[in-house]
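Trainee: I should like to learn how to read the features of a model such as this one. May we go through them in turn?

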Amino acid sequence: MNNGAGRRINGAAEEDDDEDDVNGDLDAWERTYTDERSWESLQEDESGMLRPIDNQALYHSQYRRRLRSLSSTAARIQKGLIRYLYIVIDLSRAASEMDFRPSRIAVIAKHVETFIREFFYQNPLSQVGIVTIKDGVAHCLTDIGGSPESHINALMKKLECSGDSSLQNALDLVDGYLNQIPSYGHREVLILYSALSTCDPGDIMDTIQKCRKSKIRCSVIGLAAEMFICKHLCQETGGTYSVALDESHFKELILEHAPPPPAIAEFAVANLIKMGFPQRAAEGSISICSCHKEAKVGAGYTCPRCKARACELPTECCVCGLTLVSSPHLARSYHHLFPIAPFDEVTSSHLNNPNCKLQRNCFGCQQSLLDPVFGLRKQTRACRCVPEVQTNATC
């Protein structure tokens with residue numbers, strides 16, 4: 001009996017050693033996916049949503065991102081309300097590599113969808129277009145517009161990867177589109193680059209200088225090693241260049257481009273823009289849509305100037321060119337101009353100090369800040385007497 005138990009113990013120890021050897025041979029990104037029972041690390045919150053059990057790292061990364069944005073706005077840096085952004089996605093054969101699970105293009109498509117929705121939430125008056133690079137040729141997947149669903153649906157249907165990548169062709173195509181943008185619009189390009197080379201038909205340095213003269217801000221997020229030409233492009237045009245280490249890092253990098261960046265000095269001038277606030281048509285009305293060139297039944301928006309119909313807002317009237325927005329869009333676009341006051345983090349040990357004069361209850365929900373369920377405790381820098389708290393539940 002004892003010998004059998006000893007053999008079982010030794011056998012279990014040998015299996016554990018084998019598992020440790022296997023895990024030791026895996027790369028960092030592979031060890032992330034070795035646990036096939038990842039659903040066990042989820043829990044249901046009060047709203048019925050599934051969230052990871054340990055959200056501390058996520059909260060800290062989000063808090064640091066907000067601090068960076070607050071530090072930039074605290075200096076009264078002028079930012080643009082109306083942005084015209086082209087997302088350039090590399091669909092060469094390098095995008096099918098599997099160092100990001102399940103593949104680079106799958107990770108890109110997943111987080112581009114998140115980025116587009118977040119971009120329109122923070123920039124309701126801005127517009128986005130998508131350009132893809134495949135077989136050495138740049139293709140315009142979607143024209144620049146303000147509908148997130150149309151961009152996402154078009155991208156999910158065109159995820160095949162083949163051929164080489166051409167950075168110059170993509171820049172030439174985007175430069176031709178953004179040159180038609182009015183002077184009050186801020187021209188930006190975000191390139192998601194997977195390849196380690198670029199096959200160009202001419203001198204790419206001339207194309208970079210052309211983008212610089214057109215005042216196009218180019219930013220690059222690489223999914224492989226750092227490339228000199230990408231770094232040079234960002235330095236010349238005033239953009240940012242970064243290389244993603246893993247999927248979570250890639251998500252953090254791409255979401256940093258959702259808030260509006262500081263305006264280029266030549267564009268930091270005041271402009272008066274004519275805008276129209278269209279009325280919503282009746283549900284059963286029948287009219288010809290000016291953007292789709294066909295008759296549609298249902299609610300739409302009527303341009304106050306030419307009475308043409310538009311399907312969604314914000315957009316530009318296809319007949320008279322008037323910018324059509326709604327009052328909530330205009331109000332939400334000013335949020336980044338008037339940020340909340342900065343906060344400093346307060347530790348639980350500081351609150352437990354008898355000499356601490358801060359309140360022990362949250363100013364918003366009146367719950368005790370000494371409860372370990374709370375993650376980040378913060379106080380205002382102005383009065384330093386009103387602590388606030390960030391939790392995973394809405395107070």
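Mentor: Let us begin with a loop. Lys307 is placed in the loop between strand E13 (301–302) and E14. Its phi is near 65°, a positive value in a residue other than glycine.

Trainee: Is Lys307 buried or exposed?

Mentor: The relative accessible area decides this, and exposed means over 50%. Lys307 has a relative accessible area of 60%, so it is exposed. A second case is Asp135, which has a positive phi of about 55° although it is not a glycine. Asp135 is in the loop between E4 and strand E5 (137–145), and with a relative accessible area of 46% it is partly exposed.

Trainee: How should the length of helix H4 be checked against expectation?

Mentor: One compares an expected span with the distance between the end C-alpha atoms. Helix H4 (residues 104–122) has 19 residues, which at 1.5 Å a residue should span 27 Å; its end C-alpha atoms are 26 Å apart, which agrees. Among the buried residues of H4 are Arg104, Ile105, His111, Val112 and Phe119.

Trainee: Which residues touch the most other members of the largest nonpolar core?

Mentor: One counts, for each member, the other members that it touches. In this core of 32 residues, Leu167 and Ile191 touch the most other members. The elements that give two or more residues to this core include strand E3 (83–90), helix H6 (167–178), strand E6 (186–193) and helix H8 (228–237). H6 gives the largest share, five residues. Leaving aside residues up to four places away in sequence, Ile191 touches Val88, Leu167, Leu171, Ser219, Val220, Ile221 and Leu233. Apart from this core lies another, of 28 residues, among them Ile89, Phe100, Ile105 and Val112.

Trainee: Why does Arg83 count as buried?

Mentor: Buried means under 20% relative accessible area. Arg83 is at 2% relative accessibility, so it counts as buried. Arg83 belongs to strand E3. For such a side chain, one then looks for polar partners. A polar contact of 2.8 Å joins the side chains of Arg83 and Glu188, and the side chain of Arg83 also reaches the backbone oxygen of His257 at 3.1 Å. Beyond four places in sequence, the residues that Arg83 touches include Phe119, Asn123, His186 and Pro259.

Trainee: How is confidence to be read?

Mentor: This is a predicted model, and confidence is read residue by residue. The protein averages a pLDDT of 77, and 67% of the residues score at least 70. Over residues 5–23 the pLDDT stays under 50, and the model has two contacts beyond four places in sequence for them. Residues 380–395 also have a pLDDT below 50, yet this stretch has 45 contacts in the model beyond near neighbours in sequence.

Terms used:
Residues are numbered from 1 along each chain as its sequence is written. This is a predicted model: local features need pLDDT of at least 70, side-chain atom pairs count only at pLDDT 80 or more; totals for chains, interfaces and linings use all residues. Side-chain values use heavy atoms; hydrogens and water are left out. A nonpolar core is a set of buried Ala, Val, Leu, Ile, Met, Phe, Trp, Tyr and Cys residues joined through side-chain atoms within 4.5 Å. Buried means under 20% relative accessible area, exposed over 50%, partly exposed in between (1.4 Å probe, protein chains only). Helices (H or I, at least four residues) and strands (E, at least two) are DSSP runs, numbered from the N terminus. Contact means heavy atoms within 4.5 Å. The expected span of a helix is 1.5 Å times one less than its number of residues. A polar contact is a pair of N or O atoms within 3.5 Å; within protein, one must be able to donate a hydrogen and the other to accept it, and residues adjacent in sequence count only if both atoms are side-chain atoms. pLDDT is the predictor's confidence in each residue, from 0 to 100.
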